[in-house]
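Biologist: I would like to learn how to read the features of a model like this one, step by step. Could we put it on the screen and begin with the annotated sites?

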Amino acid sequence: MNRFFKIVLTSTRRASTNGSGKRKTPFEGDKVHIPDEPYNSKVRFFICFKKKLKHGIQIDESLLSEMPPIDAKLISHLERLSLVRFDSEQAVANLRNSIRMAKRLELVDVEDVEPMHTVWESQECPTFDDVEEEPLPIDKVFRNAAVRFDDFFVTPPGNVPLESNERFDLNVINKWDTIGKPVAPEAKTIRLAEGRRK
Amino acid sequence: MQRIESAIEKAVKFRRHGIFISETFDLARTQAREAIQKGITPFPVAVKDCFLTNTANTTCASQMLENYCAPVNATIVERIVANGGCIIGKTNLDEFCMGTSSALGHFGPVKSAVKEEDSPDDWIIPGGSSGGSAVAVQAGIVDLALGSDTGGSTRNPAAFNGIYGLKPTYGVLSRYGLIPLVNSLDSPSILATSAEKCWKYLEIMTSKGIDAADSTSVTLPEESKESSRISSLKGLKVGIPIEYHNECLSEDAWRHWNRIVGILKREGAIVRVISLPTTKYSLACYSVIAAADVASNMARYDSVAYGHRSEKNESTYEMYATSRSESLNTVVRRRIFAGNYFLMKQYRKLYLDKALKVRRLITDEMLAAFNEVDILVTPTATGPAPKYSQLRDTLFSKEDDDDYFTQAANLVGIPAISIPVGRSDEDGLPIGVQLMANRLNDRALCDVAQILSGII
């Protein structure tokens, strides 16, 4: 309930500054040509709004499956899959928010609908003729590699699993909406790239 | 030649706006001389730094690619240069095209030039992710800027800067040499000062037909170019989807949208209010599909053959993970994690497959609407450009609010253009309106945009 309340508050605050969420009035001399009452696109807000006014609930939040708690196993599994590390509780909480957004899709009926992978579905995919191409000169192949040994790329020793320590407070992550202290990313200083390779 | 020199002069004058990541002035001069020798009039062009160029570095505004120089040019770069385009520089963007603020890249933010800046620590957001390209056109540095558009990355900055941004039908412009974000949504796009110019540059870049190097590229049929031309708004069927007046739309954006619809009516267009009910799930659908593709597209950055390489050298995985964690910004890392989650064995069906099915519903709904109407008219964004401080204070959540209006065109693959229609009441900042048409009706779309721009 707390979260719902917060969302209602946010949109009220917005409404007071730029007119969003409110009925609109045209420029002087203009007629109303398009719907002047806003439509609620945010499933979550929509539900709580309806509940609050005790109107018929069109989309029932209880239909959404429960948010699975995030545990240390999932964090370490995702770090190994992604080959990137979470840098804070907030980063894991962000993942939680992305999942929550995706959960809205549970409310759409897609029975008998085929997935759409691409725009031109009936287009035949052309294939290249099997003709040898001019290979890149060796120096161009290597010019972007940080480490080179003769004509080989170099990597450190393999077959060592990525270490992924438990280092986050899972309670903070799973209750981020109420106790999290989000920090916004900061812009860097404007500069040109050095472009040392020509 | 004079136009090229004046472009270079302006680029230097606007340096504090962070428009370019690499300046390629000598290259532009060489290209201008070559054009003149061939009897072609040279014109200045800016290229978003996610298109490969074999002379200047291509960084995607990331530390990961800070020193990366590609062995080839993107197809559309080749084609524009062959027709007189002179590349003034590679433009700044949101890191790997993820965002609509152009604020958090490795080479600093892009700052809008629509108004005098009042403080060095705060600025008007130029939109994104093609923010540098949009400001390069708005400031008069170049005639054409190449952008890319995966969820609105060209139309959004066009609206915020008071210029024109055309995302053509998917596949019309070759993606060869565009660093991929979401393969089935990515459209190379055009930023210019009129709808007519947008079309002219689109024609130049498609005149040699499809690109064999991009298996998803399609031809804009010759007959559709002429037969679909529109010379008057009389009888034009215009659709207004009610879902585009959502709870985030500002009074400013609504008033201008309403005024434009009034003008269309006055000119004899038949306006119908329609409903596209799946629109409210569109952003969720887009975010899942985008994250999944981002996770696999970003997997190529392993720092071995190219890319930022960490000093950490204990094991291969350690080196991969540390290099990537050091050099990719929080926005990029966030999408990689989300994408890998949606791709996990136990969640793939639940999220990715579901999103791909919702994508079909959205597509069917929109294509059905084009049986009834010729053009859809909507806002391009919730309102005028915010300030950096406003975005930071809301943890950049407003970026999603603006995506709501633009990403559906990418899911469906239809052409869409943002045109400038006026200024906000309080700050006098530009406001845009978006026009969308059926697939391959790019010519008709530009015609309507051009006629409309002439009478507002």
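Biologist: Where in chain B is the place of Ser129(B)?

Modeller: Bear in mind that this is a predicted model. Ser129(B) sits in the loop that lies between β3 (85-91) and α4 (131-138) of chain B. The UniProt record, an unreviewed entry, lists Ser129(B) under "active site", together with Lys48(B) and Ser153(B). These three span 106 residues in sequence, yet no two of their C-alpha atoms are more than 11.0 Å apart, so they gather at one spot.

Biologist: Is Ser129(B) buried or exposed, and which residues does Ser129(B) touch?

Modeller: A residue counts as buried if 20 or more other C-beta atoms lie within 10 Å of its own. Ser129(B) has 35 C-beta neighbours inside 10 Å and therefore counts as buried. Leaving aside residues up to four places away in sequence, the contacts of Ser129(B) include Leu93(B), Asp94(B), Cys97(B) and Ser153(B), and Ser153(B) is itself one of the residues in the "active site" record.

Biologist: How should I read Lys48(B), and in which strand is its place?

Modeller: Lys48(B) belongs to strand β2 (residues 43-48) of chain B, and it is buried, with 33 other C-beta atoms within 10 Å. Beyond residues up to four places away in sequence, Lys48(B) touches Thr91(B), Leu93(B), Ser130(B), Ser133(B), Leu146(B), Gly147(B) and Ser148(B).

Biologist: In which helix does Asn156(B) lie, and what does Asn156(B) touch?

Modeller: Asn156(B) lies in helix α5 (residues 155-161) of chain B, where it is buried, with 36 other C-beta atoms within 10 Å. Not counting residues up to four places away in sequence, its contacts include Thr100(B), Gly127(B), Gly128(B) and Asp402(B).

Biologist: Moving on to strands, how many bridges join β7 of chain B to β8(B)?

Modeller: Strand β7 (residues 237-241) of chain B is joined to β8(B) by five bridges, and the two run parallel.

Biologist: Which residues touch the most other members of the largest nonpolar core?

Modeller: That core holds 175 residues, and those touching the most other members are Ile88(B), Cys198(B), Cys285(B), Val288(B), Ile417(B) and Leu435(B). Its largest share, eleven residues, comes from α9(B). Cys285(B) touches residues of both chains, among them Leu105(A), Ala355(B) and Leu411(B), when residues up to four places away in sequence are not counted.

Biologist: That brings in the other chain; how many residues of chain B are in contact with chain A?

Modeller: In general, the size of an interface is often given as the accessible area lost when the parts come together. Here we can count residues instead, and 100 residues of chain B are in contact with 77 residues of chain A. The elements giving two or more residues to this side of chain B include β1 (20-23), α8 (251-266), β8 (270-274) and α9 (282-297). The element that gives the most is α12(B), with eleven residues. By residue type, this side of chain B divides into 48 nonpolar, 29 polar and 23 charged.

Note on methods:
Residues are numbered from 1 along each chain as its sequence is written. Chains are lettered from A and ligands numbered from 1 in the order in which they are written. This is a predicted model: local features need pLDDT of at least 70, side-chain atom pairs count only at pLDDT 80 or more; totals for chains, interfaces and linings use all residues. Two residues are in contact if their C-beta atoms, placed from the backbone, lie within 7 Å. Helices (H or I, at least four residues) and strands (E, at least two) are DSSP runs, numbered from the N terminus. Ala, Val, Leu, Ile, Met, Phe, Trp, Tyr, Cys and Pro count as nonpolar, Asp, Glu, Lys and Arg as charged, and the others, Gly among them, as polar. A nonpolar core is a set of buried Ala, Val, Leu, Ile, Met, Phe, Trp, Tyr and Cys residues joined through C-beta atoms within 7 Å. A residue is buried if 20 or more other C-beta atoms lie within 10 Å of its own, exposed if 12 or fewer, and partly exposed in between; C-beta atoms are placed from the backbone. Two strands pair if DSSP finds at least two bridges between them. UniProt positions are given in the numbering used here, feature names are shortened, and annotations may be inferred rather than shown by experiment.
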